[in-house]
Amino acid sequence: MVLLKDTGVLPIRRGGRVLVTGDGADSVAKQSGGWTLTWQGTGTHPEHFPHAQSIFAGIREVARYGGGDAELSRTGEYAIKPDVAIVVFGEDPYAEFQGDRADLLFDDAHGALATMRRLKSEGVPVVAVFLSGRPLWVNRHLNAADAFVAGWLPGSEGGGIADVLYGRRMLTGRLSFSWPAQAGGAPLNSGDTGYAPLFPFGFGLKPGRHAWKVLSERSGVDESPPVAVGPLFADGRATGGRLLQIDGANDSPQTVTGSGNNGSVAVRPVDRERQEDAREIVWSGRSRGTLLVANLRPQDLGPQSPTVTLTLRVDRAPTAPTSLEMRCGQGCVGKRDVTAALTRLAGRGWTTFSMPLSCLIGADLHKATAPFAMTTSGEMRLSISSISLQPSQGEPCS
């Protein structure tokens, strides 16, 4: 672990009340990364790590031993104001080409920055623990935290993180990589001409009060919303900062990075042209279930009015009415029945299917929150290798 920032909140007082939040707080899979039980390190469950300890479990153990307590909150909300909040966040597991990226901008898909800023505005000191397999551009998160620790991928021993945060073990780590000041991903090696990292090779603080100058929050890369046409899903993952999710009848959407199963819909990686470049989706028929590709923020598709195109294989035709959908905010859903179309494609191998979004009855194209969704309450099995938005060519609504 490497301490990048501390304004005087570390080590944490052992007898205090601690709030622990963030998508990595109670996830051994996330703190372990790729090549952990599965290729991508995804699709696992807590029971697959019977002797491991999550970061939250380690913090709770150390806090209680010192006479304090730790509370886990998925949303960062609390009933009693804590003395300090520990926000554990970072990259979702990946391996090999699935982790390739065009820049070093951290994709905060789970909203850690908003949580940190809100806690700080409420007067709660924030300790950030960043889980990643590489240095990424996180200036905004560094500014929002009172202390910031690069935790890398610590594996199964969450108690080791807790020991360091509480001062039971000295925090002495040093960067084995230069930390970028910009997200563009230019070469950044010690000794190069123009070497100007945010934190140089070998940097690392010891706990205590250190001066902090607010960092620039301009990443240096294009962060504009996704373009209206182009891929939504390719190579087994959602693109452009979007999320692949499954949704049940009574559940909140669950983000899927590898495998996932909420009882209504199950997703797992399959191979089409190369390893795990597609996903098989199985609807169980137990209750209504949806597969969707969600935007991180609403997107205006009105001027283009594009067509959604899928490359798919219908392995089992739907046994109940099935709709192609576009979601557009609270209570706004555009729908089109595609039961007959999918039934015709069953057994024909890999093929394409297209539908203009303007055909989806009730859709507000000016505020698309999920430009693709497919819902059925019956049984169905599809394999999908790509989903994209293409300029409309006047395709019929059938």
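**Figure 1. Lining of the largest cavity in the predicted model.** Phe233, Leu244, Val267, Arg279, Ile281, Leu291, Ile384 and Ile387 line this cavity. Two elements, β13 (278-284) and β20 (379-390), each give two or more residues to the lining. By class, the lining holds seven nonpolar residues, no polar residue and one charged residue. The volume of the largest cavity is about 40 Å³. The structure holds one cavity of 30 Å³ or more.

Figure 2. Two or more residues of the lining come from each of α1 (28-32), α3 (112-121), β10 and β11 (260-261). Helix α1 gives the largest share, with three residues. The lining divides into 20 polar, nine nonpolar and five charged residues.

**Figure 3. An open antiparallel sheet of six strands.** The strands follow the order β10-β9-β14-β19-β16-β17, and their pairing is antiparallel. At the edges stand β10 (254-255) and β17 (333-337), each of which pairs on one side only. Strand β10 is joined to β9 (residues 243-248) by two bridges, in the antiparallel sense. Within this pair, glutamine 245 lies opposite threonine 255 of β10.

**Figure 4. Pairing of strands β11, β12 and β13.** Strand β11 pairs with β12 (residues 265-270) in the antiparallel sense, over two bridges. Asparagine 261 has alanine 266 of β12 as its bridge partner. The two strands form a hairpin with three residues between them. In the turn of this hairpin, glycine 263 has a positive phi of about 95°. Strand β12 also runs antiparallel to β13, to which six bridges join it. Here the bridge partner of alanine 266 is valine 282, in β13. Strand β13 is one of the elements that give two or more residues to the lining of the largest cavity, while β11 is among those that do this for the second largest pocket.

**Figure 5. An open sheet of six strands with mixed pairing.** The order of the strands is β1-β6-β5-β4-β2-β3. Strands β1 (2-6) and β3 (69-72) are at the edges and have a single partner strand each, so one side of each has no neighbour in the sheet. From one strand to the next, the twist averages 20°. Inside the sheet, β2 (residues 17-21) and β4 (residues 84-90) run parallel and are joined by four bridges. One of the residues in this pair is threonine 21, whose bridge partner in β4 is valine 87.

**Figure 6. Packing of helices α2 and α5.** Two packed helices are described by the angle between their axes and the distance between the axes. Helix α2 (residues 55-65) packs against helix α5 (residues 158-165) at an angle of about 50°, and their axes are 7 Å apart. Because of this angle, α2 is oblique to α5. The crossing of α2 past α5 is right-handed.

Notes: Residues are numbered from 1 along each chain as its sequence is written. This is a predicted model: local features need pLDDT of at least 70, side-chain atom pairs count only at pLDDT 80 or more; totals for chains, interfaces and linings use all residues. Side-chain values use heavy atoms; hydrogens and water are left out. On a 1 Å grid over the protein atoms alone, a cavity is a set of points where a 1.4 Å probe fits but cannot get out, and a pocket is an open set with protein on both sides within 12 Å along at least five of seven lines; lining residues have an atom within 4 Å of a point. Grid points are joined across faces, edges and corners, and a volume is the space filled by probe spheres set on the points. Ala, Val, Leu, Ile, Met, Phe, Trp, Tyr, Cys and Pro count as nonpolar, Asp, Glu, Lys and Arg as charged, and the others, Gly among them, as polar. Two strands pair if DSSP finds at least two bridges between them. Axes are lines fitted to C-alpha atoms, for helices over the stretch in contact, and angles run from 0 to 180 degrees between N-to-C directions. Angles under 35 degrees count as roughly parallel, over 145 as roughly antiparallel, 65 to 115 as roughly perpendicular and the rest as oblique. A crossing is left-handed if the near helix is turned anticlockwise from the far one by less than a right angle, and right-handed if clockwise.
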